[in-house]
Amino acid sequence: MSDLDDISVVTEPSAEYLNKRQRVDYRNQREDCLEWLLHFGKNPDKAEGYAFTTVKCRSHRMDQFYRWVWEQENGYTGTPTRDHADAYMRHLAKQDKSNAHKSNSRKAVMMLFKWRHHEHGTDPWDPELQFSTNGGTTNPRDYLTLEERSAIREAALEYGSLPGYTVVSGAERDKWLAYLAQRLEKPKEDITREDWEQANGWEIPSLVWASLDAGLRPIEVQRATTNWVDIDNAVLRIPKEESSKNTDNWIVGLQDRTADVLDRWLDHRDVCDRYEDTDKLWLTQRGNEHTSHSLKYLVNKLCEIAGIDTGDRSMTWYSIRHSTGTYMTREEDLAAAQAQLRHKSPETTMKYDQTPVEDRRNALNRME
């Protein structure tokens, strides 16, 4: 008996839409995807799959997503893109359906793209829209307030820093060497003065400050190269082929002090062994590309350093991006936010057209 016997792999509406050869291709892809979700989908590294009931329910919603894509493209495709997924989220947001339905549909599409990422090497999809299931409307994720943005910027200067090499000696230096050995995953006796100096470098501040200014998505942090950085003009120049949406070349403004930190990082980067054979702008300590997971860990560590309570908030790297969009909209307008955040559609930017909580609080005070 097959794992998929109780799942409608090719639903009747899809079968009616497709010709015989298309049905064969669609069935093959669907079977591969659903089998992977059942056996690996939840945690691929540990071969842990999703529950059968979860896959069965999400399978139907994935099928609905495929059919919606075919209608938009006026024909069959077995390879929906992240642009399709983003557009589908905007389509769902406008539908007169419950937020629970919209949220479950979003999760189903995320599972589909998780399979495509792990099994076909496509870029991961990290949706910007989420749907509240407590009766609310579609909102951007938790974002940093103005005070928290400043605190995160300062925390990046403190993150992982060590006292000066010549300032400490004896037992105190030994303590810091043990800390650095654990952090760099190398024997304590192999830690060099160069390792010590690199720990106080500008890698993390440049990553965090550039993301605060440009609202960088996780995939953009992953793709960023040294060629993006234009210090003289204080901008990031993101080529079309390297942009998240792959639609336009983008020129993104930076603060002068952010450009200065990036300049310092580029000088420092030249002497880092991890970057010897790559033009990547940022890598993890292990020399890997950053992921949503590594960046979520980083932003939560920064919140810890800054004393920001995250107990009842979902803090991810997108919290930085959404704060940039919210306050750019307030200080300028939606057009400025759209350009700074590199949105193809104004509809995507419109979710930032809301009054931040501190402004509403000040308004209440004025009303009294």
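The model is predicted, so local features need pLDDT of at least 70 and side-chain atom pairs count only at pLDDT 80 or more, while totals for chains, interfaces and linings use all residues. Residues are numbered from 1 along each chain as its sequence is written, and side-chain values use heavy atoms, with hydrogens and water left out.

A pocket is an open set of points with protein on both sides within 12 Å along at least five of seven lines. A cavity is a set of points where a 1.4 Å probe fits but cannot get out. Lining residues have an atom within 4 Å of a point. Points are joined across faces, edges and corners, and a volume is the space filled by probe spheres set on the points.

The largest pocket has a volume of about 1200 Å³. Its lining has 37 residues. M110, P124, W125, D126 and S292 lie nearest the centre. Helices (H or I, at least four residues) and strands (E, at least two) are DSSP runs, numbered from the N terminus. α4 (82-93), α5 (99-120), α10 (218-223) and α12 (292-306) each give at least two residues to this pocket lining. The largest share, 8 residues, comes from α5. By class, the pocket lining has 12 nonpolar, 11 polar and 14 charged residues. Here Ala, Val, Leu, Ile, Met, Phe, Trp, Tyr, Cys and Pro count as nonpolar, Asp, Glu, Lys and Arg as charged, and the others, Gly among them, as polar.

The whole structure holds 1 cavity of 30 Å³ or more. About 30 Å³ of space lies in the largest cavity. Q29, R30, C33, M62, Y66, L112 and W115 line it. Two or more of these lining residues come from each of α2 (20-39), α3 (52-73) and α5. α2 supplies the largest share, 3 residues. The cavity lining divides into 5 nonpolar, 1 polar and 1 charged.

Three strands form an open antiparallel sheet in the order β3-β4-β5. β3 (229-230) and β5 (250-253) each have a single partner strand, so one side of each edge strand is left without a neighbour in the sheet. Two strands pair if DSSP finds at least two bridges between them. β3 and β4 (residues 235-238) pair over 2 bridges. V229 has L236 as its bridge partner. β3 and β4 form a hairpin with 4 residues between them. In the turn, A234 has a positive phi of about 55°. β4 and β5 are joined by 4 bridges. L236 has V252 as its bridge partner in β5.

The axes of α6 (residues 146-158) and α9 (residues 203-214) come within 8 Å and cross at roughly 160°. Axes are lines fitted to C-alpha atoms, for helices over the stretch in contact, and angles run from 0 to 180 degrees between N-to-C directions. α6 and α9 are therefore roughly antiparallel (over 145 degrees).

Conventions:
Parallel < 35°, antiparallel > 145°, perpendicular 65-115°, else oblique.
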